[in-house]
Amino acid sequence: MYVQVSGVTKTIKHKQVLDEASMSCEKGKVYGLVGPNGSGKTMMLRTICGFIHPDAGTVEVGGKPVVFNENLPVRMGAIIETPGFIGNKSAMWNLEYLAGLDKGWDLKETLRLLDIFNLYKKREDKVKSYSLGMRQKLAVVQALMEHQELVLLDEPTNGLDKASVGVFLDEIDRQRESGTTVIIASHHDDEITQVADAVYTIGEGRIVDCVERSSTVKASNGEDAEGVGDSAD
Ligand SMILES: Nc1ncnc2c1ncn2[C@@H]1O[C@H](COP(=O)(O)OP(=O)(O)OP(=O)(O)O)[C@@H](O)[C@H]1O
């Protein structure tokens with residue numbers, strides 16, 4: 001498995017935000033992560049990034065352990081929480097700045113992504129002049145522009161118009177074809193159903209279900225069961 005989260009438990013300020021949560025993701029597949037507000041979707045993504053230190057359990061990406069503040073997944077792009085762009089600088093400046101010295105950054109790919117999301121002509125405009133949806137699309141461009149192996153997206157279509165959602169879903173298909181593993185946390189079930197190879201459901205910090213598009217259910221504990229919608233535990 002490319003991503004392996006095993007029995008992660010985390011308590012923050014006396015609240016258990018993850019409760020022995022486990023999920024696994026194959027390379028080159030797209031996963032949905034759904035669940036009610038406060039169920040732990042963002043916490044799960046932060047755990048995979050190595051942004052939180054679990055009280056128990058382990059995370060591995062690409063066969064390497066992810067350790068808080070030490071070993072973070074290297075080939076990873078993400079939108080987690082509100083994307084932080086510098087408003088007084090142009091979109092292009094922000095993308096180049098965030099790309100830093102990463103050898104994976106690809107100008108041609110970045111311009112292609114700006115183009116498909118209708119931002120190409122506005123790439124030299126200051127980000128503070130961008131609308132909410134435009135900023136969100138810029139964040140998607142930033143998460144995808146470096147040919148990452150793993151992309152984690154928290155509510156990536158928030159604020160996007162219908163046409164832009166379509167462009168986004170097509171782009172995720174393209175990412176899958178190029179071998180990227182994508183995990184999308186979302187409340188938009190219709191979009192997730194359309195694009196994901198498998199959908200994990202989280203409730204009160206526990207992964208409670210995993211439904212694969214092939215209609216075979218594979219529980220997070222590794223057991224197989226037949227039929228869509230069966231519980232994972
Ligand atoms: N810094 C924090 N301190 C204490 N509790 C927190 C903190 N951050 C998140 N939580 C709690 O962790 C739980 C999981 O939050 P999380 O943000 O992962 O939920 P979510 O599923 O992403 O929700 P939403 O759909 O609203 O985005 C919630 O109960 C939330 O109140």
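The structure is a predicted model, in which local features require a pLDDT of at least 70 and side-chain atom pairs count only at pLDDT 80 or more, whereas totals for chains, interfaces and linings use all residues. Residues are numbered from 1 along each chain as its sequence is written.

The chain contains 6 helices and 12 strands, taken as DSSP runs (H or I, at least four residues, for helices; E, at least two, for strands) and numbered from the N terminus. Of the 233 residues, 42% are buried, a residue being buried if 20 or more other C-beta atoms, placed from the backbone, lie within 10 Å of its own.

An open sheet of mixed pairing is formed by 6 strands in the order E6-E7-E8-E3-E9-E10, where two strands pair if DSSP finds at least two bridges between them. Strands E6 (76–79) and E10 (206–212) are the edges, each pairing on one side only. Strands E9 (residues 198–203) and E10 run antiparallel and are joined by 6 bridges; Tyr200 stands opposite Cys210 in E10. Helix H5 (residues 162–177) packs on the sheet and touches E3, E7 and E8, with contact taken as C-beta atoms, placed from the backbone, within 7 Å.

Helix H1 (residues 41–49) lies across E3, E6, E7, E8 and E9. This helix is mostly covered, with 7 of its 9 residues buried, including Met44, Leu45 and Ile48. Just after H1, Gly50 takes a positive phi of about 85 degrees. H1 also gives the most to the shell around the ligand, with 3 residues. Among the residues around the ligand are Lys13, Lys15, Asn37, Lys41 and Thr42, each residue of this kind having its C-beta atom, placed from the backbone, within 6 Å of the ligand. The shell divides into 3 nonpolar, 6 polar and 3 charged residues; Ala, Val, Leu, Ile, Met, Phe, Trp, Tyr, Cys and Pro count as nonpolar, Asp, Glu, Lys and Arg as charged, and the others, Gly among them, as polar.

In helix H3 (residues 107–116), Thr110, Leu113 and Leu114 are buried. These residues lie on the same side of H3 because they cover an arc of only 100 degrees around the axis, the arc being that of the directions from the helix axis to the C-beta atoms. An α-helix has 3.6 residues a turn, so residues three or four places apart point the same way. The cover over the buried residues of H3 includes helix H2 (91–99) and helix H4 (132–144). Asn118, which follows H3, has a positive phi, near 60 degrees.

Definitions and conventions: A residue is buried if 20 or more other C-beta atoms lie within 10 Å of its own, exposed if 12 or fewer, and partly exposed in between; C-beta atoms are placed from the backbone. Two residues are in contact if their C-beta atoms, placed from the backbone, lie within 7 Å. Axes are lines fitted to C-alpha atoms, for helices over the stretch in contact, and angles run from 0 to 180 degrees between N-to-C directions.
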